[in-house]
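Please read them with the model open beside you.

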Amino acid sequence: MPRGRLRVYLGAAPGVGKTFAMLNEGLRGLERGRDVVVGLVETHGRPRTAELLDGMEVVPRRTMVHRGTTFTELDVEAVIARRPRVALIDELAHSNVPGSRNAKRWQDVEEILAAGIDVVSTVNVQHLESVNDVVQQITGIPQRETVPDEVVRRADQVELVDMSPEALRRRLAHGNVYAPEKVDAALSNYFRVGNLTALRELALLWVAGKVDDQLDRYRAEHGIATTWEARERVVVALTGGPEGDTLVRRAVRIAARTKGADLLAVHVTRADGLAGGDPASLARQRTLVESMGGTYHQVIGEDIPRALLDFARGVNATQLVLGASRRGKFAQILSRGVGVETTAMSGTIDVHMITHDEAKRGRRRPSRSRAALTRTRRRAGWAVAVAGMPALTAALIPSRDALALPSETLLFLLMVIGVALIGGMWPAIAAAVGGSLLLNYYFAPPIHEWTISDPENILALVVFVLVAVMVSMIVDVAARRTRQAARAGAEAELLSTLAGHVLRGEAAVPSLLARMRESFGFRSVTVLERRPEAGQMPDDQSDPRAWRILATAGGEPCTCPAVADTDVVIDETLVLVARGRLLDASDRRVLEAFAAEVAVALRQERLRDEAEQAKPLAEADRMRTALLAAVSHDLRTPLASARAAVESLRNTRIVWSVDDREELLATAAESLIKLGRLVENLLDMSRLQSGVLGPAPQLVALADVLPRAIDDLGPLRDRVEGEISAEFPDIVADPALLERILANLMSNAVRYSPPDRKVLITASWHVDQAEIRIIDRGPGIPSEAHERVFMPFQRLGDRDNHAGVGLGLALSRGLAEAMGGTLLPEETPGGGLTMILTLPLFSRAHAVPAEDMA
């Protein structure tokens, strides 16, 4: 069954019209005869949005009860059973009620897509996981409902619903977004112009990144190599020379002229050896590039200008920055140089030739080995052999009577050695044979005949040929060894880059694959894993069903080894496959080194996943061990006190007075209250650490919660005093959890306060948050130990058995943070400890309620 298509309307803030646009698309689909249903849409009381639902089929929601409250959620089974062509599902980042089929709505959507149903959904940029922390910095409001970026990036279409901050604020002021009583708070908090502008920029940049990915994929799939100037990308070419820092800084300035431009640095390593790059300089320049927000790349290329342009076109670069040649004037006469060649072949890519202090000073390091026999060198050797021997003969004929044959032979031998040095063995052998014939015809008596009268002359010519051939072979072997050494140097440089890549912690598989694709010029590189059932297939090498893609980089990935141009077997189940070109044996050795590192990275990722899965188990085991130790230590006193009081009351041989009986009953009651509180704290701490205990925030009046928390103290309630102003604003909190926090804090304060001093409760508010202070006059805590009191199963000194298991403060802080608040200790002036509980007010966290963030 083909997978359904996902379309997402992305907005920068609530109220820009995402749900409105989604419903309009659904109506257009109905008009075209498509089967469209509403899976779930939140109108938030907006009449114009609700009007669009008239006449549309709505799949009934599933009703759930959680903590005595009834909720409605998307009914995934009902949508799949209905099997429409398109389902409209609002609020992709929504968190489902505990106990639902899936924890998140985007997981519900994945199931519906897998059933072959198209889905249209909505999400705000603040709910994307990658920018969640940035949004909190901008707005001051944490967004607890998030969706992984990859879920939205995989969408077939992402459409930005945009609106200027001023227009959105006008909509808000006109009552088109929230109810009138929420408008003022929203305008002065979340919907400030600065907030909306920053969120709008985040949304635009995120969508631009998505569009870049789509464009790169389209160009790769259609084999488009020409540059499309959709976005500025500046490539700076580095040689490792002293001018590199100047080039990088100039390229940064060029990129900075266009907001959002990318900076890439590239170093080309010759296939036949390094082009003179200093590894230390390259490492320093790489650090400089990355510190300025750019990326560093390395490729291998026989022809440096062509390799530079291939890389630039591959990344869709618009500008290329090169340094002016450091070669001298004479060298520039002999060869045009990399800069001129690159500019001539650049096409639509703008090339910047940057002058620097090292220009035209000549190279300060050895250049490419002259013994490396390139095609140009071999052609030059043949040219010298063909033209040089006749020229030498013509030059020696006038002095034929003055020179003896041995001298003439030595001059011809010198010419042959010169040919060998320039062009290698075969041109030199040809020159030796031709030279022997010329010597015989023009210089060995009888002249102008192919015969030789003197036997010594025959020996001289034979030795001449043998020496010439031997020298030619030695020169050729030396040239080949030099070429191999240069090639090994290039491979070592590439492997050194790989090692540095790993040491810097960049061993993620996609990053390694991207480096591999760049270095070898592949169109795509993919890691395939054999499925467990593949052994049953007759030809699993050419069957895509036998393999699954673990990671890929570049264009269209290979789905099985048989369709790849190059493949490297990593182990019994993993294969690295590449598409684009075939590799020779030496390149394959380097590729195998990359493949081995990919295997290590995969193992590391899987070990990290296993460690993450084992972490909760280890934490649970640690909690269980600490719990057993704490319970065995701290249950004894209240349990013994309650047992002693009950047994005394049951003893019929002792006649207790009314006062004694009341005292024993009070002791038993107090001990049982301590035991009950201890058990509740243990259970809540366990649920909190395992993630099961989740708050249900709502508007709470502190004046309603505080009396109940004081009553929970039982006989100790009389040692607490406090009064809350009737004008105190509502707090955003879970009332049950807030009551537990206050009861724990007051119990802890009473325990350490002197009997004649009461615990004082005060409350105040400041703009967008409330502060509740629980003040005692006990011995206090040293400032260096403030954080230690919040560790579970810890007590300062661990001396008093009646102090509980040290969970009260740890649990209180955990519950406070779960509700978006904080709990901090502070020294009480004059002695003692003050616990400050901070919670959000309505004006901060619920000016834009969580359910309205759609």
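1. Helix H5 is followed by Gly 140, a residue whose phi is positive, near 80 degrees. Helices (H or I, at least four residues) and strands (E, at least two) are DSSP runs, numbered from the N terminus. In H5, which spans residues 132–139, the buried residues are Asn 132, Val 135 and Thr 139, where buried means under 20% relative accessible area, exposed over 50% and partly exposed in between, with a 1.4 Å probe and protein chains only. These buried residues fall within an arc of 60 degrees when seen down the axis of H5, so they line one face of the helix; the arc is that of the directions from the helix axis to the C-beta atoms.

2. Please keep in mind that this is a predicted model, in which local features need pLDDT of at least 70 and side-chain atom pairs count only at pLDDT 80 or more, while totals for chains, interfaces and linings use all residues. Residues are numbered from 1 along each chain as its sequence is written, and side-chain values use heavy atoms, with hydrogens and water left out.

3. The protein chain averages a pLDDT (the predictor's confidence in each residue, from 0 to 100) of 78, and 79% of the residues score at least 70. Over residues 362–372 the pLDDT is below 50, although this stretch has 25 contacts in the model beyond near neighbours in sequence, a contact meaning heavy atoms within 4.5 Å. Residues 843–854 also have a pLDDT below 50, with 42 contacts beyond near neighbours in sequence.

4. Helix H10 (residues 244–256) has 13 residues and reaches 18 Å from its first C-alpha to its last, close to the 18 Å expected, the expected span being 1.5 Å times one less than the number of residues. Its buried residues are Gly 244, Leu 247, Val 248, Ala 251, Ile 254 and Ala 255. They cover an arc of only 125 degrees around the axis, which puts them on the same side of H10.

5. Six strands form an open sheet with parallel pairing, in the order E3-E2-E6-E7-E1-E8; two strands pair if DSSP finds at least two bridges between them. Strands E3 (57–58) and E8 (157–161) stand at the edges with a single partner strand each, so one side of each is left without a neighbour in the sheet. Strand E1 (residues 6–11) runs parallel to E8 and is joined to E8 by five bridges, and Gly 11 stands opposite Val 161 in E8.
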